[in-house]
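Try each task yourself, then walk through the solution below it.

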Amino acid sequence: MAAGSRRRPPLDPKHADLDPLYEVAAQECEKRGRRLVLVVDGLDEDADASLECRGIAGLLPKKPPHGMRVIVSGRPNPRVPAGLAADHPLRERGIVRRLSDSPEARIIRDAATTELHTLLEDPEFGQRLLGLLVAARGALSWKDLGELLGITKHAVKAKLRTVVGRSLAPSRVDLLPLDAQSEAEAEKERQTFVIAHAELHETACEDLGWPILDNCLDDLHRWARHYQEKKHWPDHTPNYLLTGYTRLVREEAPDRLAGLVLDPRRQLRLVLRSGADVALRDVESVAPSDGEGVAPALAAAVAVSRDLLRGRVEELPESVARTVARLGDAGRARALVGALGRPVDKAVHLADLARALHARGDEEAAATARAAVRWADTARREAGRFASAVDEAEAAAARAAVALLETALAPDRGDDLREALALLRATRGTGSARYEAWALAASLLAPEHPDEAATLLDGLEEEAEELEARGDSAGAVQVWEAVVASDSARAARLHDRVLAHVTEVWEDGPTLEKVGVVAVAASLVARSRPEPAARLVDAARQYLEGVLGGDGRGLSAADAVHVEFGFRDTLEAFCRALDEAGAPPEAVNRVRELGLRVVPVEAEEEVLDPDPFEDRSFVEAGRVADQALALADRGSEDEAEQRLEQALALLPAGGTGEGLSPVWVAELAGALVRTDALEAAGEMLRTVRRPADQVRVNAALALACADGGQPDAARGYAQEAERGAAGADTDWAHAAQALAGVGDVEGAVDLLTRLGQQPDRAGTRAAWRKTDQAVRIAVAAELAAFSPEAAGEVLLPVLKRLDAARKAVRSQALLTSVVELVPAATRLPSPARELFDDLMEEARTRAARSGPRSWRPEDVLVVAFLRLGAGDLPGRQVDWLRQELRNRGAEHFPTAALAVLHAALGDLAAAEAVAGLPAVPHHRAAALTAVASHLGRVPVRPSPVPGAGGTDSFTRAVQHLALTATPLAAPAPEAALGPLGRVLTTAGWYHALPVLARVAPEAVEAVHEIAAVHLSVTARP
C-alpha cells in the first residue's frame, strides 16, 4: 500500500484517508503492466463498523484508480455501515454476487460438528473434556487435561487425535508471553488447545448445559487448590494456572482472586517462570485505588507484594516492550513498562508504547497514552525543584501528551485532543526532548488542525527569543532547529535568523564553547545556505586550531573549563559540521586529532561497569531486540518472535532478589512483637544478612519486647544489637537506644561515649552535632524511666550547646530546638532540669514578642500546641499556618505537623486533607501516618538517627506534644484506618506498620505471611 515502502503508513485507522495511497500503489502496478486488486474477506465481521463509525468499508475507494479492483466478501447482514457515503459502490445492489455454498466448507463444518457430537455423546470422557475447555476460558495442554480427567496425557492424545485441527486448535493464548516458540513447546508436549471457532464454542456451551459446566468449573478450582495448598506452586505448575486461570477467577469467582494473586509462592513462581511484571500485573488487579473502604489486611498484602515484586524486576532493553506489543500482546507490553520503578520512566515508555500500538491500529493505544499522561502528572508532582528532575519530568509529560494527541486525531476524540494540547502547553523547561515533542505535535496537527499547529510553533519561536535574550545561544538554535524540522515553510526565515545570530555571537568573542554553537547552526543551514555556513565553520576551525595547536597551556580560563567539561561533545559536533560544510577529509581529521590531544582521558575504573560481561550481554541483547522490533514492523512476526527469544536468552537469568533486606524489616519485626507474634518476628531476623540491618532489627525487637513486658527477651536482643554495632556506621545509635530501653544504663552510656566521639575534621562537625543530638535525645528518653540522673547527664551536652547558641546575635529557631528535647525532658534532675526550663521560658518569651512577619511555621505550631494544652484554642495560629502553607507549598512546610494539629483539634477532614498534600510519596505516607498515630493514641519514640524512618525529629516531637495536649482523648482506631488506607497505596506504605500493630493487627500478619516467603528465598546462601 505504501508504494514499495516496507514501513507501515502512520494512519489513524478510525479516521484515515487511504485514497492517496491507493493512487500511488495502483499507478505503480499499472506501470509494471499489472493490476492492483484489494481483497476484503468477512466485511460483516468488522468490529469497528457502527452507526457512528464507517469501519473498513469507509476506507475503501469509491472510484478505484488506474484499473484497481476491490473484491469484498461477507454475509448478507449487516450489509454496510449506516454512515457510509450514499454514492459508495458498496450500496449498489447490482454489484452483489451471491455465492453458492462451498461443498468443501460444508464438509469441514459438518465434520467438526460431528466430532463435537461424538464427544458430547461420551458422558464419561467427551463431555467432561469439552466442558473443561469451555469452562477454562483459556487453553489447556494434553497434560493439563490428563490431570483434570484422571487419565494419562497419552490417553487424552489417543482419544482426541482426529479432533485436533477441526474442533480443537493449537493456541498460545495461555502460555506465558516471552516464553519458548510454539514449535519448541510442541516438541516438549506443552502445546495447548482451545475450541477452534466461536460457533463451535457456542454449540458446545448450549449442548453441555450449565450443570456440566458448573461441575467442570469446580474441577478447575479443585485442581488449582491442589497446586496452591498441597504443592505450593512447584516448578512444574501448569502455565494455565499462572495465566488463564487468573482470568477465569476474575470473571467467575472474584472473591477468590485476592487469595490467588497475593499468594507469595505463586508470585515467586511467576517471577522465575516469566518475570516479575506478570505477577505485578496480577497484584494490581486487586489493588485499591485510593485505600478507602478496603480491608487493612488486603491493602497491606497488596502493598508488600508490590514492594517486593518491584525489587525483583529485571532490566530489559527498551525495544522489548514495543516488540511484544507489535506481536499482538499489548497487555504484556504494558505490564513490562508498568513494572518500571520511577514514574518518569513509566511515562516515557508508556508514551512510546502507545505510539507503537497506534501504528498497528491496536485499540489499547488510547488507554496506554492516557496511562502515560497519568504517570507524567505524577512525575511532575514529585520532581520538586531540582532542575534536572524538572526537565526530565517535563520532557516525559510532553512525550505523553504527543502520544495522547496522536491517538486522539479522530472526530470522536475531542476531549482527549483538548487534554493532550493542554498538557503539552503546560510543560516547561529547556530540555531538547520537550522541544522535539512540541515540534512533533505540530507536525501531527498540521493536516487537520493547522491553526493549533501554528500556535505551538509560534510558542517555540517565542521561547527561542527568550533564550536568545538570556544569552543561551545553544538553546535558541536548538529550538529553531526543532521548528524547522516541523514546518519547512519557516525554514528560509529561521535559517537567516540562525546565521545572523550565531555570526553576531561569534564575532562578539570566540570561545571553544561557541564552537559547539557554530557546529549546530552550520549543520542546520548547510544545505540551504552552504556558503555562509562554510565561512562560519572555517572561522571556528581557525580559532580551534589556533588555541589547540600548541600544548593547550595558552587556553583562556573559559576554554580550559570547557575542555574539562563538555568539549568531547563539541568536538564530535564540530567535526560533523565540517564534513557537512564540505571541508576536505584531511581538515576534519586534523581538527579531530588536535581536539583529542586535550580531551581528558576518562579513568578506566570510572567507565567500566562492575560486571563487564553482563553489560556487554545487555548491549548485545538490546541490539538483537531492536532487530526483532524491525522484523515485527515489517510484518515478519515469526522471525521477530525468534529474534526476541534470542535477545532474552542473552540476558542474565532472572532471580529472586539480591539478598538485601528491605528498609522496613525492622518496622515489621517490631510490629509483629506488638501483635504477640514474637516467633514470627524472629523469622524476620533470620532473613537479614547485612550486619547493619541486623543491628536495626535487633534494636527494634528489643524495644518492642520491652514495651510488651518481656524483659528477658528484650535484653537478649539489645545485647545482640550491641555486639553488632561496632562497625555499623550510624546504626550503633539504634543499639544505644535499645540498651537504654531495656534499662542497661552503663551499656547505653558506654556505647554513646565510645562510638559518638566528636570528629577531628572541622568540616564534619556540623553533621556530627546533628547526629549526636538525635542519639542523645533518644537515649535520654529511654533512660528517664530507669535512671533520671543518667538521662540528665546524657542530655546535658545538648542543653549546653543550645544555651550557648541562644546567646549568639543571629540565634533563631530556639523554640523549635527546645521542643525536640521534650520527649526526653519529662524526669530530668538538676541541673539539666533548670537549664531546660530556662531555655523553654526564653524560647516562649521570644515567640510571644515576635509578630506575624517574623514568625516561623515550626514556632507557630509549637505555640499552637502549647495553647491547646493550656485549654485555649489556637485559632489565630491555625489561620496563619493555613495561609503560610498555601504560600510555601507542602514540600517546603512542616505539613505533617500541621496535619497532626488539625487531628488534635478534632478536625479529621482537614487533618487528612493536609497530610495528603505532599507530592513525594514517602513524605505523604509519613504525614498520613502521623495523623493515624495520633488518632490511635500510639506513642512515638524519638529517632536516634536524623531523618531515619521517614519522619523528621520535629514532627516526632510534635506528635509527643499532641498526645500530651489532649490527655482526655480516647483512641479512635476506626478513624485511624482512613489515613492508613491511603498510606498503604503509596511507596511509603511501611510507615503504617507501627500503627497497624495497634489498630489492625491482622494487616501486620498479612504482611508477614508474604514477606516471610519472599525474604526466606532471598536469604538462602
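**Exercise 1.** How many helices and strands does the protein have, and what percentage of its residues count as buried?

*Solution.* Start with the count: the protein has 51 helices and 5 strands. Here helices (H or I, at least four residues) and strands (E, at least two) are DSSP runs, numbered from the N terminus. Keep in mind that this is a predicted model, where local features need pLDDT of at least 70 and side-chain atom pairs count only at pLDDT 80 or more, while totals for chains, interfaces and linings use all residues. Residues are numbered from 1 along each chain as its sequence is written, and side-chain values use heavy atoms, leaving out hydrogens and water.

Next comes burial: 49% of the 1021 residues count as buried, which means under 20% relative accessible area with a 1.4 Å probe, protein chains only (over 50% is exposed, and in between is partly exposed). Last, look at contacts, meaning heavy atoms within 4.5 Å. Of the contacts with a separation of 6 or more, 68% are between residues 24 or more positions apart.

**Exercise 2.** Take helix α26: what span does it reach, and what covers its buried residues?

*Solution.* First, the span. Helix α26 runs over residues 530-548, so 19 residues, and reaches 26 Å from first C-alpha to last, close to the expected 27 Å (1.5 Å times one less than the number of residues). Second, find what is tucked away: the buried residues include Leu 536, Val 537, Tyr 543 and Leu 544, and also Arg 541 and Glu 545. Third, look at the cover, which includes α24 (491-507), α25 (512-525), α27 (557-564), α28 (567-580) and α29 (585-598).

**Exercise 3.** At what angle do α45 and α48 pack, and which residues make the contact?

*Solution.* Begin with the geometry: α45 (residues 895-904) and α48 pack at about 10°, and their axes are 9 Å apart. Those axes are lines fitted to C-alpha atoms, for helices over the stretch in contact, with angles from 0 to 180 degrees between N-to-C directions.

Now the residues: α45 brings Ala 896, Ala 897, Val 900 and Ala 904, and α48 brings Phe 954, Thr 955, Val 958, Gln 959 and Ala 962. Sorted by class, that gives 7 nonpolar, 2 polar and no charged residues. (Ala, Val, Leu, Ile, Met, Phe, Trp, Tyr, Cys and Pro are nonpolar; Asp, Glu, Lys and Arg are charged; the others, Gly among them, are polar.)

Finish with Thr 895, also in α45. Thr 895 counts as buried because its relative accessibility is 3%. Leaving aside residues up to four places away in sequence, Thr 895 touches Leu 885, Ala 890, Val 914 and Pro 918.

**Exercise 4.** Where is Trp 233, and where is Pro 831?

*Solution.* Some background first: most residues other than glycine have a negative phi, and most peptide bonds are trans. Trp 233 has a positive phi of about 55° and sits in the loop between α8 (210-230) and α9 (239-242). With 1% relative accessibility, Trp 233 counts as buried.

Then turn to the peptide bond from Ser 830 to Pro 831, which is cis, with omega near 0°. Pro 831 is in the loop between α41 (814-819) and α42 (832-849).
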